[in-house]
Amino acid sequence: MLNAVFTKPVGIFDNWFNKVVSYITGGEYCHSEFVFSWDLAEAEAFFDQIEGHDKLRNNYHKYIEDGKLHMCFYILWGDVLSYRMLKYNHNNPFYRVLDESQASSVKITLSSANEHKIAKFLLGECGKPYDYTGAVGYFIPLRKSQTEYETYYCSELMVCALQQVRMLLDINPSGVTPNKLYDLLKE
């Protein structure tokens with residue numbers, strides 16, 4: 001299962017910067033990310049398909065909780081695109097599955113093959129830097145519409161990933177905020 005998760009400026013995202021971001025972008029969300037929730041068979045099928053990433057491939061089993069693996073792909077201001085494994089009871093809130101008081105999620109219904117295609121795309125983009133110019137200038141998309149960039153901000157990345165499976169093809173990723181993406185996915 002794939003969920004688009006939209007976080008509010010509360011909990012671990014409670015700071016003035018995120019409050020300004022949600023206000024300026026016209027909604028309650030300041031950040032967005034993908035969370036894949038796979039049972040053991042789905043996780044094994046995904047990890048059998050990827051090459052490299054040996055540390056991840058050899059250790060994902062220890063993150064299985066209640067028969068599920070929760071893998072999150074994200075990029076934060078000042079960071080690079082990365083992933084993290086989530087658990088419901090993790091001591092660190094950054095590695096915890098967020099509850100509804102902190103975030104909203106939109107389930108994206110796809111075939112397993114398309115979920116894996118998105119996850120492989122995201123894994124391949126890991127390490128790319130944050131798109132400061134795009135994030136600050138989202139209201140005037142300075143880049144032409146593409147399905148892949150050298151830098152990303154959170155919702156821009158998510159639109160590019162969805163375009164890998166032919167979703168949101170008429171949307172320029174560089175003009176999408178978390179609030180706009182939430183609205184697009186709820187339609």
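## Helices across the sheet

Helix H4 lies across strands E1, E2, E3 and E4 and runs at about 125° to E2. Here helices (H or I, at least four residues) and strands (E, at least two) are DSSP runs, numbered from the N terminus. One element lies across another through contact, meaning heavy atoms within 4.5 Å. Axes are lines fitted to C-alpha atoms, for helices over the stretch in contact, and angles run from 0 to 180 degrees between N-to-C directions. Helix H2 lies across E2, E3 and E4, at about 110° to E2.

The model is predicted: local features need pLDDT of at least 70, side-chain atom pairs count only at pLDDT 80 or more, and totals for chains, interfaces and linings use all residues. Residues are numbered from 1 along each chain as its sequence is written, and side-chain values use heavy atoms, with hydrogens and water left out.

## The sheet

Five strands form an open sheet in the order E4-E3-E2-E1-E5, with antiparallel pairing. Strand E4 (82–86) and E5 stand at the edges with a single partner strand each, so one side of each has no neighbour in the sheet. From one strand to the next, the twist averages 25°.

Two strands are taken to pair if DSSP finds at least two bridges between them. E1 and E2 pair in the antiparallel sense over six bridges. Asparagine 3 stands opposite valine 35 in E2. Strands of a sheet pair through backbone hydrogen bonds, either parallel or antiparallel.

## Nonpolar cores

A nonpolar core is a set of buried Ala, Val, Leu, Ile, Met, Phe, Trp, Tyr and Cys residues joined through side-chain atoms within 4.5 Å. Buried means under 20% relative accessible area, exposed over 50%, and partly exposed in between (1.4 Å probe, protein chains only). The largest such core has 48 residues, of which Phe34, Phe36, Phe47, Ile118, Leu122 and Leu185 touch the most other members. At least two residues of this core come from each of strand E1 (2–7), strand E2 (31–39), helix H2 (40–49), strand E3 (68–74), strand E5 (103–108), helix H4 (112–125), helix H6 (154–163) and helix H7 (178–186). H6 gives the most to this core, with seven residues.

Leaving aside residues up to four places away in sequence, phenylalanine 36 touches Met1, Leu2, Leu69, His70, Met71, Phe73, Glu115, Ile118, Ala119 and Leu122. A second, separate core of seven residues includes Val5, Leu86, Phe94 and Ala103.

## Aromatic pairs

Rings of Phe, Tyr and Trp (its six-membered ring) pair if their centres lie within 6.5 Å; planes under 30 degrees apart count as stacked, over 60 as edge-to-face and the rest as tilted. By this rule the count comes to 19 aromatic pairs. One of them joins phenylalanine 36 and tryptophan 38, a tilted pair with 5.1 Å centre to centre and 45° between the planes. Both phenylalanine 36 and tryptophan 38 are buried. Phe34, Phe36, Trp38, Phe46, Phe47, Tyr60, Phe73 and Tyr83 form one aromatic cluster.

## Salt bridges

A salt bridge is a side-chain nitrogen of Lys or Arg within 4 Å of a carboxyl oxygen of Asp or Glu. The structure holds seven salt bridges. Lysine 8 forms one with glutamate 28, the closest N and O atoms being 3.7 Å apart. This pair links distant parts of the chain, 20 residues apart: lysine 8 is in the loop between E1 and helix H1 (16–24), and glutamate 28 is in the loop between H1 and E2. Lysine 8 is buried, with a relative accessible area of 18%, whereas glutamate 28 is partly exposed, at 44%.

Glu125, Lys128, Glu148 and Glu150 are linked in a network of salt bridges. Lysine 128 meets glutamate 125 at 2.8 Å, N to O. Lysine 128 also forms a salt bridge with glutamate 148, the closest N and O atoms being 3.5 Å apart. The latter pair links distant parts of the chain, 20 residues apart, with lysine 128 in the loop between H4 and helix H5 (132–136) and glutamate 148 in the loop between H5 and H6. Lysine 128 is buried, with a relative accessible area of 13%, and glutamate 125 is buried at 5%. Glutamate 148 is partly exposed, at 39%.

## A buried aspartate

Aspartate 131 is found in the loop between H4 and H5. Aspartate 131 is buried, with a relative accessible area of 4%. Residues up to four places away in sequence aside, aspartate 131 touches Arg143, Thr151, Tyr152, Tyr153 and Glu156.
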